[in-house]
Amino acid sequence: MGLSTETAETPAFINFTEEGKVNGNSSVNLFNGEYKIEDGKLEFSPLAMTRMMGRSMDVEQAVTEALNTAHSIVADGDKAVVLNEAKDTVMVLSRQK
């Protein structure tokens, strides 16, 4: 969504499990749910999310909007690009080891 998460109150992250579960932190709030990737198309179940306020609500809003508009994902090594339906980049993910 054009905003770096480096200024976030808490580092934003997302975990995808092999069992189809997803969880993470959108900088202020925690979220979890399920996902499915099929032929590059990314679908999230309705995600459960805490609803707290914090100092980095701009990052929070950008991450939440990216999750809500995610349509497809393209993996390239240790990075993945999440695209919306119009094929605009909404989130770039980097693998953490």
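Is Asp 78 buried, partly exposed or exposed? Asp 78 is partly exposed, with a relative accessible area of 38%; here buried means under 20% relative accessible area, exposed over 50%, and partly exposed in between, with a 1.4 Å probe and protein chains only.

A word on the source. This is a predicted model, in which local features need pLDDT of at least 70 and side-chain atom pairs count only at pLDDT 80 or more, while totals for chains, interfaces and linings use all residues. Residues are numbered from 1 along each chain as its sequence is written, and side-chain values use heavy atoms, with hydrogens and water left out.

Asp 78 forms a salt bridge with Arg 95 (3.4 Å, N to O); the term requires a side-chain nitrogen of Lys or Arg within 4 Å of a carboxyl oxygen of Asp or Glu.

How many salt bridges does the whole structure hold? The search finds three.

Another joins Glu 34 and Lys 21, at 3.0 Å from N to O. Glu 34 belongs to strand 3 (residues 30-38) and Lys 21 to strand 2 (residues 21-25), so this pair ties together parts 13 residues apart in sequence. Strands are DSSP runs of E, at least two residues, numbered from the N terminus. Glu 34 is partly exposed at 42%, and Lys 21 is partly exposed at 41%.

Finally, Lys 41 and Glu 43 meet at 3.8 Å, N to O. Lys 41 is partly exposed at 37%, as is Glu 43 at 38%.

Methods: Helices (H or I, at least four residues) and strands (E, at least two) are DSSP runs, numbered from the N terminus.
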